[in-house]
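Please look over the model below, first as a whole and then part by part.

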Amino acid sequence: MTYAVLLCLAGAGLALWASTRTWSVELTVRPTPLPPVREARTGAGLLPWLSALAVVGLAGGGAVLATRGVLRRLIGVLLLALGVAVAAGGGYGLVAAFDGEVSRQWPALCLAGGLLAGAGGALTALRGAGWPAMGARYDRPARRVAVDPGPAAGPVTGRRTTEAWDALDRGEDPTAG
């Protein structure tokens, strides 16, 4: 499970970082006394959905830890699809003909990040159902039907703090009185 979560987080983080770097720079020529206008375009500016998918991939890495069973496997399939989509965006950045100077290392890192996140999602989808889940203490307690109410209810009159905590456990207000 550790490898799958680390692959998802590292891949999505790498893709998010690479999508915020400058992928192309376009120079627009202006009349003679004026210098050309330099317009830098990031991967997120060229493909706006790319950084959004990377953020969802980061959240999915945390969701792998918080879920169990079939839901964890479904999240793995979702992370696999997100990884493939991010890798496709990076691949598009590698082969696309942008105007001006083009930097190919950032789309390549985005492609690599998408493949890493997709590998983590595939690992989760294949083996995630058998991985351990978070402890039960984070689950909501089941409602109990009281058969024996225990000691008589009433305000806590003792000075010990454990009596106040015991009253809270019984559902009483220790300050009422």
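How many cavities of 30 Å³ or more does the structure hold? The structure, which is a predicted model in which local features need pLDDT of at least 70, side-chain atom pairs count only at pLDDT 80 or more, and totals for chains, interfaces and linings use all residues, holds one such cavity. Residues are numbered from 1 along each chain as its sequence is written, and side-chain values use heavy atoms, with hydrogens and water left out.

A cavity is here a set of points, on a 1 Å grid over the protein atoms alone, where a 1.4 Å probe fits but cannot get out, and its lining residues have an atom within 4 Å of a point. The volume, taken as the space filled by probe spheres set on the points, with grid points joined across faces, edges and corners, is about 50 Å³ for the largest cavity. Its lining includes Gly11, Ala15, Leu53, Gly57, Leu82, Val86, Gly113 and Ala117, and the elements that give two or more residues to this lining are H1, H3, helix H4 (69–95) and H5. By residue class, the lining divides into seven nonpolar, five polar and no charged residues, where Ala, Val, Leu, Ile, Met, Phe, Trp, Tyr, Cys and Pro count as nonpolar, Asp, Glu, Lys and Arg as charged, and the others, Gly among them, as polar.

The helices and strands named here are DSSP runs numbered from the N terminus, with helices (H or I) of at least four residues and strands (E) of at least two. The chain comes to six helices and three strands, and from the N terminus on its elements run α-β-β-α-α-α-β-α-α.

The three strands form an open sheet in the order E2-E1-E3, with antiparallel pairing; E2 and E3 stand at the edges, each with a single partner strand, so one side of each is left without a neighbour in the sheet. Strands count as paired if DSSP finds at least two bridges between them. Strand E1 (residues 22–28) pairs with strand E2 (residues 37–42) over six bridges, among them those that join Glu26 to Glu39 and Thr22 to Thr42. Two bridges join E1 to strand E3 (residues 101–102), and Ser24 has Val102 as its bridge partner there.

A search of the whole structure also finds one aromatic pair, a term for rings of Phe, Tyr and Trp (its six-membered ring) whose centres lie within 6.5 Å, with planes under 30 degrees apart counted as stacked, over 60 as edge-to-face and the rest as tilted. Trp17 and Trp106 form this pair, edge-to-face at 5.1 Å centre to centre and with 85 degrees between the planes. Trp17 lies in helix H1 (residues 2–19) and Trp106 in helix H5 (residues 105–127), so the pair ties together parts that are 89 residues apart in sequence.

Accessibility is classed as buried under 20% relative accessible area, exposed over 50% and partly exposed in between (1.4 Å probe, protein chains only). Trp17 is partly exposed at 42%, whereas Trp106 is buried at 18%. Ser51, in helix H3 (residues 48–66), is also buried, with a relative accessible area of 18%. Leaving aside neighbours within four places in sequence, Ser51 is in contact (heavy atoms within 4.5 Å) with Leu16, Ser19 and Ala44.

For the chain overall, buried residues make up 29% of the 177 residues. Among contacts between residues at least 6 apart in sequence, 66% join residues at least 24 apart.

Key: 1 Å grid on protein atoms, 1.4 Å probe; cavity = no way out; pocket = protein on both sides within 12 Å on 5 of 7 lines; lining within 4 Å.
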